[in-house]
Amino acid sequence: MKKLLMIVLFCISGVQTAYASCTETSSGCVEPGQFNLALALGAGQRTNPLHNGENVPLLLMPDISYYGEHWFWDNTTAGYSLLQQPDFVLSLVVKLNQEKGYFQRWFAGNLMTYSTSSTMLPPEVDTGATKQMSMVSVSEVNKRPTAWDAGVQMQWFGDDWQLGLNLMQDASGTYHGQNATASASTFYPLLGGQLQLGANLHWKSRKLIDTYYGLDESELFYLARYQGKDSWQPELRLGWQKALTPKWSLLSFYRMLLLDDAMTDSPLVKNSRVQTWFVGVSYQFF
C-alpha cells in the first residue's frame with residue numbers, strides 16, 4: 001500500500017501554471033478560487049541516469065491545484081502572485097527540489113512530475129553515452145538531502161503560447177546554491193485534441209551539482225572523487241490531450257532531459273538522457 005501511494009504521488013510537478021485571466025482563446029489559464037483534482041491512469045516510466053538507480057513506474061498520476069485571489073498551490077509549488085495581468089504573472093514561490101528523486105525511488109518529490117506537456121517513445125534508448133570509467137552505485141554513497149527552493153516565478157501568456165522563467169535559491173540551507181529554468185510552449189489542434197510542444201532550459205549551480213553528484217572525502221575511501229560544476233540541461237516536451245467527455249480525457253506525454261558533462265563526468269552517472277513517458281486516460285474530479 002505504501003508503494004502504491006508513492007506511485008500515486010510520484011508524478012505531479014513540471015512547469016507550474018500561475019493564474020492568468022481566462023479568455024476563449026487563452027491556453028493553460030486557471031479560474032481564481034478554483035480547486036482542481038484530476039487523476040490519470042495508464043502506463044509509463046521515468047528513467048534513472050544513475051548507476052543502479054531505479055526507474056520509476058508511472059501508473060497513477062494525480063494533478064492537484066488551487067488558485068485564490070493571490071495565493072496558489074500547484075502540485076509541489078506554493079506561491080503568492082504579486083502582479084496579475086491578462087498576459088503576465090509575477091509570483092513568489094516555494095517548491096520541493098527534485099534532485100533527490102534519482103537517489104531515492106520513493107522520494108515524495110518524485111510523486112510530483114505530472115505534466116501534459118510532453119510523447120511516446122520506448123522507456124529507454126541507448127544513447128551511446130555510457131561512460132567507460134570507474135562506476136559508483138547510488139547504494140555506495142551517503143544519503144542525499146531533501147531541499148526546498150524559494151524564488152521568483154514569471155510567466156507570459158499568449159493565445160496559443162506561454163513563456164516562463166523561474167529563479168530559485170536553496171531556502172532550506174541544504175546545498176547553498178541556486179537553480180533557474182526558462183520555458184516556452186505552444187499549442188496546436190490535432191486529431192480533435194490539443195498538441196503541446198515545449199522546451200525548457202535548466203541551469204543548476206555548482207553547489208547544487210556538487211551536493212548531489214559530487215564525491216568527496218566523506219564518502220567511502222575507495223570511491224573516485226568528483227567535484228561538481230555549473231550545469232546546463234535542455235529539456236524537450238511533447239504532449240497530447242483529447243477530451244472524451246466533460247470528465248474523461250485521453251492523455252499522453254513524453255519528455256527528454258539532456259545532461260551535460262557537469263553531471264555525466266560524475267562516476268555516479270551512466271547515461272546522458274532522462275526520458276519520461278506516459279499513455280493513459282485522465283478523470284477530472286473537480
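Phe-103 and Tyr-213 form a tilted aromatic pair, 5.6 Å from centre to centre with 40° between the planes. Rings of Phe, Tyr and Trp, the last by its six-membered ring, pair when their centres lie within 6.5 Å; planes under 30 degrees apart count as stacked, over 60 as edge-to-face, and the rest as tilted.

Before going further, the conventions. This is a predicted model, in which local features need pLDDT of at least 70 and side-chain atom pairs count only at pLDDT 80 or more, while totals for chains, interfaces and linings use all residues. Residues are numbered from 1 along each chain as its sequence is written, and side-chain values use heavy atoms, with hydrogens and water left out.

To return to the aromatic residues, Phe-103 counts as buried because its relative accessibility is 17%. Tyr-213 is buried as well, with a relative accessible area of 0%. Together with Tyr-212, these residues, Phe-103 and Tyr-213, form one aromatic cluster.

The structure holds 9 aromatic pairs. Tyr-80 belongs to one of them: its ring centre and that of Trp-71 are 4.8 Å apart and the planes stand at 65°, so this pair is edge-to-face. Trp-71 itself is exposed, at a relative accessible area of 61%.

Now the overall fold. The protein chain contains 3 helices and 12 strands; these are DSSP runs numbered from the N terminus, helices being H or I of at least four residues and strands E of at least two. The 12 strands close into a barrel, in order from β1-β2-β3-β4-β5-β6-β7-β8-β9-β10-β11-β12, with antiparallel pairing. Neighbouring strands of this sheet are turned by 20° against each other on average, direction ignored. Two strands pair if DSSP finds at least two bridges between them.

Which strand does β6 join through 9 bridges? Strand β6, residues 148-157, is joined to β7, residues 161-170, and the two run antiparallel. Within that pairing, Trp-156 has Leu-163 of β7 as its bridge partner.

Further along, 9 bridges join β10 to β11 in the antiparallel sense, and a hairpin of 4 residues connects these strands. Gln-241 has Leu-251 in β11 as its bridge partner. Strand β11, residues 248-258, is mostly covered, with 8 of its 11 residues buried. On to β12, residues 273-284: β11 pairs with this strand over 11 antiparallel bridges, and Tyr-254 stands opposite Trp-277.

Helix α2, residues 206-213, lies across β8, β9 and β10, at about 95° to β9. Such axes are lines fitted to C-alpha atoms, for helices over the stretch in contact, and angles run from 0 to 180 degrees between N-to-C directions.

Finally, confidence. The mean pLDDT of the protein chain is 83, and 78% of its residues reach 70 or more; pLDDT is the predictor's confidence in each residue, from 0 to 100. Confidence is lowest in helix α1, residues 2-10, at a mean of 37, and highest in β7, at 98. Over residues 114-133 the pLDDT is below 50, although the model gives this stretch 75 contacts beyond near neighbours in sequence, a contact being heavy atoms within 4.5 Å. Where pLDDT is low, the predicted coordinates should not be read in detail.

Definitions and conventions:
Buried means under 20% relative accessible area, exposed over 50%, partly exposed in between (1.4 Å probe, protein chains only).
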